[in-house]
Structure formats: structure tokens, C-alpha cells
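Reader: Could you pick one part of this model and take me through it closely? I'd like to hear what surrounds it and where it leads.

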Amino acid sequence: MDIRSLTYEELESYMVNQGFPRFRAGQIYQWMHQKLVRTPEEMRNLPKELRELLRKDWIGVEEEARLTSRKDGTNKFLFRLWDGNLIESVWMPYRHGNSVCISSQVGCRMGCRFCASTMDGMVRNLTASEMLDQVYAMQYLMRERISNIVVMGSGEPLDNYDNLLRFLHLITAEKGLHISQRNITVSSCGLVPEIRRLAEEGLQITFALSLHAVTDSERQELMPIAKRYSLQEVMEACQYYFERTGRRVTYEYSLVKGVNDSKEQAERLCHLLKNRGTCHVNLIPVNPIKERDFKRADDKSVQNFKYILENNLINVTIRRGMGSDIDAACGQLRRNYIQKYK
């Protein structure tokens, strides 16, 4: 039993089955999902025997290490799980509110060449409570409200579909932290059946595709998943998501110097997105990792790329670089920490 992965209704049933009054579910749910207590011992209005029961079923995360950027206040957390595995989460302060980026898996099996998360493969999926508790722990530790959540840390969220969906329902529940669905972004490298399945869920979250290239051959060089699903299949799935939900799709494009940052590639991206409905391109100057020879595109190339897209009436932003001085690229902190202490 994973007590913090239960919905309110499931928790009510669990309380009754364990011989406790139904109203205890409301007290427990509030302690866990609104007051964000870190242990059952903090639930002061519960009898001792109930707190002991909850302790047996309590799954969460514990802070192992933290790096704080002197440049922009980004905090990168390394959290330890109950089984000793480590995951990363990032706190990013913006003028419009605090955003967090969380992991959905321990490691990743997608193999994207510019990402450190995938270099040691995937260990296991995270439970819904382990995804939730990254959010809860950061809000508790930072003592500030979180307004936006991005599921874009280590792992492929749609490769952990059922736990992801349960997490989304819990984090947006009215009786819980009640984050607006419109303030949540789920990113995927392009699992076509799961994108279509997500479109049918009736959610109002933002879907983001890790695109990064504009031809099948170029994309296959960067992302092995592109060998399973063609660019046409992926783009059709994204169009289906837009048509079913009415929510514009974000296309993430990591700019790598000399690889995908040319004028011709920008023009091909414009052609690829033509007639795709409302969409948004998020240009991401890549965060270099020491294990690869990829280099960040220079500022002039980034601005030229942006200008070409804007000239073709495509909504585009350049992602503000956050935490460049603290191993903020996905998977870097975890990998460096494991190598140092193994």
C-alpha cells in the first residue's frame, strides 16, 4: 500500500477497511496534500495506532543534496528514495511565480544523446507519491508556493503513463494542492500511442514534444526513439492532441552548435509546423554535458533562428538559461554524485 498515491475516495475506503471512521480520511488527506507534513507523526489529531499504520505505508523523498545558483536563485535538489535510488528536481523562481521541474523515472531508457539522464539507463518508474513528494518537498523546503509544474526531469513521463496520470489527478485535486491543470506541462520525446491516449483523458495540461530536429535522419541521430516512430507519425499525434483538447502544443528544440542551428533547419522547421494549428516553439540553447561533445549554439545563431520563425508567424520564445553554474542540465547532478560516492 502506498498511502499518498491514493485518491480521496480510495483513502476513505482504506480507512473503513482498516476499521477506522471514514472521517479520518479527510484529516489525513488534508495533512498530506494541503499541509504537506513530512511524516505521519506530525498529524497531531490522529490516534497513535493510526499514525503507526500510516508510517508503514509512507513513501516519499528525502533531501540528499542541494545546489543553489548564484546567478538566478535556481535550486537543484537531489532526492533519495526509500530504496536508495536518487532523483533530481529543480526549483526555478520567475517573476510570474515559482516553477518546478520533476522527474518521472529513476534514469531513462530513451537514449537521447544530449541528455545525461539516460546514460546509465532506466532503473525503475516512480510512483505517483514519489512524483508528488518532489513538489511537496520543494514547497516545504523553500517555504513558498509553487505555481507551475513541468514533468521534464529525468525519465520519459509517457513511459510511466499510469503513475503519471494518477499524479496529475492528485496534484490538481480540489482537496489537495489544487494546482491548475493549465499550469502543468508534460514533456515527451514522442511515444505516439501514449500521446494519442493522453489526448483522450480530458485534461487541460500543456503537452510539449521534444522535437530537436526537422528530418527523420537528423532526429534519429539525436534521439533513438525516432527510429520507432517517424516524424510524420509524431506530428500527426501532436495535431490530434491539439484537435482533441484545444490546447496548443509546445515544440521544444534544443539548439546544438553545428548540428541543428542553421538557417536551413530553421526554414524546414517553419515548413514542418505550417498549418499545424496554434503552437509554440521553445528554443533551448543546450546545456553541455561533459560526456558529450555537443556545444551550446552561440547567441547570434539562436537569435537568427528565432527571427526566421517569427518571420513565419510562429510563436517562439528562447528559454531563459537557469542554473548553468550548478549542473542544472537534466541528470548531471545525479550522475556526478553517483560517480563521486560509489
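Author: Let's go for helix H2, residues 23–33: eight of its eleven residues are buried, so the rest of the structure largely encloses it. Buried here means under 20% relative accessible area, with exposed over 50% and partly exposed in between (1.4 Å probe, protein chains only). Helices (H or I, at least four residues) and strands (E, at least two) are DSSP runs, numbered from the N terminus.

A quick word on the ground rules. This is a predicted model, so local features need pLDDT of at least 70, side-chain atom pairs count only at pLDDT 80 or more, and totals for chains, interfaces and linings use all residues. Residues are numbered from 1 along each chain as its sequence is written, and side-chain values use heavy atoms, leaving out hydrogens and water.

Back to H2. The buried set is Arg24, Ala25, Gln27, Ile28, Tyr29, Trp31, Met32 and His33. They pack against helices H1 (8–17), H3 (48–56), H4 (128–142) and H5, where a contact is heavy atoms within 4.5 Å.

Follow H5 and you reach the strands. H5 (residues 161–171) sits with strands S7 and S8 in a right-handed β-α-β unit; that is, with the strands pointing away from the viewer, the path from the first strand over the helix to the second runs clockwise. S7 (residues 148–151) and S8 pair in the parallel sense over three bridges; pairing takes at least two bridges found by DSSP. In that pair, Val150 has Thr185 of S8 as its bridge partner.

S8, residues 184–188, is mostly covered itself, with five of its five residues buried. In a regular strand the side chains alternate between the two faces of the sheet. Both faces of S8 are covered: Ile184, Val186 and Ser188 are buried on one side, and so are Thr185 and Ser187 on the other.

Now carry on past S8. This strand also pairs in the parallel sense with S9 (residues 206–210), over four bridges, and Ser187 has Ala208 in S9 as its bridge partner.
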